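Please look through the sequence and the model before reading on, and keep both in view.

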Amino acid sequence: MNMTESDAKKEIEHNVFCNTDDFEMKISKECYKTIINALEKQIKKKVERYSCNTIGEMTFNCPSCNLEYYVTDYEDFNYCPNCGQKIDWRVEERNEKE
């Protein structure tokens, strides 16, 4: 079973409040992995712009989950709606010849 961010938060809170300063707090490896994954989604990742049609609709793939999205106003689209990855739109434009 995969640990969710909520489960990791509960494990940390439980261990913090059950331990005293005299003991080392230990959490599971799965909890650490979940925390790292959640933090990595807060670090902006660049996307590759594919095409832009005449109405300004652009397609891109999320750099984390790889799902394709169509957006018209990319500046309002800061996170992937599927996985929550923070998006960095500062990418170099590609010149595609069709």
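What follows goes from the whole chain to its core, its helix contacts, its surface and its cysteines.

The model is predicted, so to speak of a local feature a pLDDT of at least 70 is needed and side-chain atom pairs count only at pLDDT 80 or more, while totals for chains, interfaces and linings use all residues. Residues are numbered from 1 along each chain as its sequence is written, and side-chain values use heavy atoms, with hydrogens and water left out.

**The chain as a whole**

The protein chain has two helices and five strands, where helices (H or I, at least four residues) and strands (E, at least two) are DSSP runs numbered from the N terminus. Read from the N terminus on, the order of these elements is α-α-β-β-β-β-β. The chain has 98 residues, and 26% of them count as buried; here buried means under 20% relative accessible area, exposed means over 50%, and partly exposed lies in between, with a 1.4 Å probe and protein chains only. The accessible surface of the chain comes to about 7,800 Å², and 49% of this belongs to carbon and sulfur atoms; such areas come from the Shrake-Rupley method with a 1.4 Å probe, and for residues only the protein chains shown count as cover. Among the contacts in the chain with a separation of 6 or more, 37% are between residues 24 or more positions apart, a contact being heavy atoms within 4.5 Å.

Which residues make up the largest nonpolar core? This core has 11 residues, namely V47, M58, F60, C62, Y69, V71, F77, C80, C83, I87 and W89. The elements that give two or more residues to this core are strand 3 (58–61) and strand 4 (68–71). A nonpolar core is a set of buried Ala, Val, Leu, Ile, Met, Phe, Trp, Tyr and Cys residues joined through side-chain atoms within 4.5 Å. Not counting residues up to four places away in sequence, Y69 touches M58, T59, F60, C62, F77, C80, P81 and N82.

In the loop between strand 3 and strand 4 lies N66, which has a positive phi of about 70° although it is not a glycine. D88, by contrast, is found in strand 5 (residues 87–88), and when neighbours within four places in sequence are left aside, D88 is in contact with K44, K45, K46 and V47.

Because K9 and E13 are four residues apart in helix 1, they are separated by about one helical turn.

N15 also lies in helix 1, and, leaving aside its neighbours within four places in sequence, N15 is in contact with M25, K26 and I27. N15 and I27 are 12 residues apart in sequence, and their C-alpha atoms are 7.4 Å apart in space. N2 is in the segment before helix 1; N2 and E30 are 28 residues apart in sequence and 7.9 Å apart in space, C-alpha to C-alpha.

F17 has its place in helix 1 (residues 5–18). Together with V16 and M25, F17 makes a nonpolar surface patch of about 310 Å², where a patch is made of residues with over 30% relative accessible area and no salt bridge, like charges being joined within 9 Å and nonpolar side chains (Val, Leu, Ile, Met, Phe, Trp, Tyr) within 5 Å.

The table lists how accessible some of the residues in this report are.

| Residue | Relative accessible area | Class |
|---|---|---|
| F17 | 71% | exposed |
| N2 | 70% | exposed |
| N66 | 54% | exposed |
| E13 | 34% | partly exposed |
| N15 | 15% | buried |
| D88 | 6% | buried |

**The cysteines**

A disulfide is a covalent bond between the sulfur atoms of two cysteines. How many disulfides does a search of the whole structure find? The search finds zero, with a disulfide taken as a pair of cysteine sulfur atoms within 2.5 Å. For C65, the closest cysteine sulfur is that of C62, and the distance of 3.7 Å is too far for a bond. C83 is in no disulfide either, and the nearest cysteine sulfur, that of C62, is 3.7 Å away. C65 is partly exposed, with a relative accessible area of 26%, whereas C83 counts as buried at 18% relative accessibility.

Methods:
Salt bridge = Lys/Arg side-chain N within 4 Å of Asp/Glu carboxyl O.
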